[in-house]
Amino acid sequence: MSRANRDIPHYYLSTTMDMAAATDWLHEHNRRSPVGERLLPAALLLKAAALAAREVPELNGFWTDDHFTGGEGVHLGVAVSLRGGGLVAPALHDADTLGLPRLMAGLKDVVARARTGRLRGSEVSDATITVTNLGDQGVETVFGVIYPPQVALVGFGRVVDRPWAVDGLLGVRPVVTATLSADHRATDGAVGARYLSAVSRLLQNPEEL
């Protein structure tokens, strides 16, 4: 992390996304599903992040030897805090191709194994883009440090109710703040904005995730 902060010229973007459609779909899905198949909001956020990385491949890969190399697949690193301190980001391989139940199961599995020291080497080294989600800690906005040699890190905060205007009518809706920390050597703000716009669009159609 010290090397990343010193050597990578970070740029940061942030936007707030309407989660009403995603939340409604999630409640209906969980109402109809057995307890073991119910989803957390994190599953929708991770899948949207993975699909957006497939749409904007300039952020999915590595900066090595002074040039960018795209990842072979979207291997989504998930930042996990360890009980004894420290952080690890195991990869969910081909996360963009996983259905939400498999993604949720994979997330639970790697978090449990990360905290008991049972991760495989490929899970630690293969991530092409990383997501950190501190919503369960009450944090609303997180700007992360990129894991080299990756070129981007996505952050999600807590889903909160906020005043929100839709078609000129003001109401209260659930929203989430999404952030992007990206390597300015590989991309610029226009590419980063395209990525966050893709995440937001995907979350408006949760049935397609």
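Arg162 and Glu140 form a salt bridge (a side-chain nitrogen of Lys or Arg within 4 Å of a carboxyl oxygen of Asp or Glu), and the closest N and O atoms of this pair are 2.7 Å apart. Because Arg162 lies in strand S10 (residues 160-166) and Glu140 in the loop between S8 and strand S9 (152-156), the pair ties together parts that are 22 residues apart in sequence. Helices (H or I, at least four residues) and strands (E, at least two) are DSSP runs, numbered from the N terminus. This is a predicted model, in which local features need pLDDT of at least 70 and side-chain atom pairs count only at pLDDT 80 or more, while totals for chains, interfaces and linings use all residues. Residues are numbered from 1 along each chain as its sequence is written, and side-chain values use heavy atoms, with hydrogens and water left out.

**Salt bridges**

- Arg162 is partly exposed, with a relative accessibility of 32%, and Glu140 is also partly exposed, with a relative accessible area of 30%; here buried means under 20% relative accessible area, exposed over 50%, and partly exposed in between (1.4 Å probe, protein chains only).
- Salt bridges that share partners join Asp109, Arg113, Arg120 and Glu123 into one network, and the structure holds 13 salt bridges.
- Within that topic, Glu123 pairs with Arg113, their closest N and O atoms being 2.6 Å apart; Glu123 lies in helix H5 and Arg113 in helix H4, so the pair ties together parts that are ten residues apart in sequence.
- Both Glu123 and Arg113 are buried.
- Arg6 forms a salt bridge with Asp7, with 3.0 Å between the closest N and O atoms; Arg6 is exposed at a relative accessible area of 59%, and Asp7 is partly exposed at 39%.

- The 15 residues of H3 should span 21 Å at 1.5 Å a residue, and the end C-alpha atoms of H3 are 21 Å apart, which agrees; the expected span is 1.5 Å times one less than the number of residues in the helix.
- H3 is mostly covered, since twelve of its 15 residues are buried, among them Leu44, Leu45, Leu46, Lys47 and Leu51.
- The buried residues of H4 include Leu100, Leu103, Met104, Leu107, Val110 and Arg113.

**Pockets**

- A pocket is found on a 1 Å grid over the protein atoms alone, as an open set of points where a 1.4 Å probe fits, with protein on both sides within 12 Å along at least five of seven lines, and its lining residues have an atom within 4 Å of a point.
- About 700 Å³ of space lies in the largest pocket, where a volume is the space filled by probe spheres set on the points, which are joined across faces, edges and corners.
- The largest pocket is lined by 31 residues, of which Ala79, Asn133, Leu134, Gly135 and Asp136 lie nearest its centre; helix H3 (41-55), strand S5 (80-81), H4 and strand S8 (129-133) are the elements that give two or more residues to this lining.
- The lining of the largest pocket divides into 20 nonpolar, seven polar and four charged residues, where Ala, Val, Leu, Ile, Met, Phe, Trp, Tyr, Cys and Pro count as nonpolar, Asp, Glu, Lys and Arg as charged, and the others, Gly among them, as polar.
- The second largest pocket holds about 200 Å³ of space and is lined by 14 residues, of which Val124, Tyr147, Pro148, Pro149 and Gln150 lie nearest its centre.

**Backbone and strands**

- A cis peptide bond, with omega about 10°, joins Pro148 and Pro149, and Pro149 is found in the loop between S8 and S9.
- Strand S2 (residues 61-64) and strand S3 (residues 67-70) run antiparallel and are joined by four bridges, where two strands pair if DSSP finds at least two bridges between them.
- Trp63 stands opposite Phe68 in S3, and Asp65, in the loop between S2 and S3, has a positive phi of about 50° although it is not a glycine.
- Asp167 likewise has a positive phi, near 55°, and is exposed, with a relative accessible area of 78%.
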